Amino acid sequence: MGRKAKLKQIRQSAQPSPQSETNSDPNEFVEQLEKQGYQLGRIERCPEVPNRRVKPQM
């Protein structure tokens, strides 16, 4: 077995199976955010950024 094949085998064995992630509850992410204090119903977006530069007043 070559060096690259060994590395590939190690990488594949170290990665968790993607099936375990898909079995989780889809609302779990939202619940974790709400526990941290975020409210998804009231999202504050950044203000509009002007296209031109405003010269400072002296």
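Trainee: How many of the twelve residues of α1 are buried?

Mentor: The number is zero, so α1 lies largely in the open. Please keep in mind that this is a predicted model.

Trainee: And what does α1 span from its first C-alpha to its last?

Mentor: Helix α1, residues 3-14, reaches 17 Å, close to the 16 Å expected at 1.5 Å a residue.

Trainee: How many helices and strands are there in the chain?

Mentor: The chain has three helices and zero strands. Read from the N terminus, the order of elements is α-α-α.

Trainee: What share of the chain do buried residues make up?

Mentor: Of the 58 residues in the chain, 2% are buried. The accessible surface of the chain is about 6700 Å², and carbon and sulfur atoms account for 51% of that surface.

Trainee: Changing topic to charge: which residues form the negative surface patch?

Mentor: The patch consists of D25, E28, E31 and E34.

Trainee: Where is D25 placed?

Mentor: D25 sits in the loop that links α2 (18-22) to α3 (28-35).

Trainee: Why does D25 count as partly exposed?

Mentor: Its relative accessibility is 42%, and partly exposed covers the range between the 20% limit for buried and the 50% limit for exposed.

Conventions: Residues are numbered from 1 along each chain as its sequence is written. This is a predicted model: local features need pLDDT of at least 70, side-chain atom pairs count only at pLDDT 80 or more; totals for chains, interfaces and linings use all residues. Side-chain values use heavy atoms; hydrogens and water are left out. Patches are made of residues with over 30% relative accessible area and no salt bridge: like charges are joined within 9 Å, nonpolar side chains (Val, Leu, Ile, Met, Phe, Trp, Tyr) within 5 Å. Accessible areas come from the Shrake-Rupley method with a 1.4 Å probe; for residues, only the protein chains shown count as cover. A salt bridge is a side-chain nitrogen of Lys or Arg within 4 Å of a carboxyl oxygen of Asp or Glu. Lys and Arg count as positive and Asp and Glu as negative; His and the chain ends are not counted. The place of a charge is taken as NZ of Lys, CZ of Arg, CG of Asp or CD of Glu. Helices (H or I, at least four residues) and strands (E, at least two) are DSSP runs, numbered from the N terminus. Buried means under 20% relative accessible area, exposed over 50%, partly exposed in between (1.4 Å probe, protein chains only). The expected span of a helix is 1.5 Å times one less than its number of residues.
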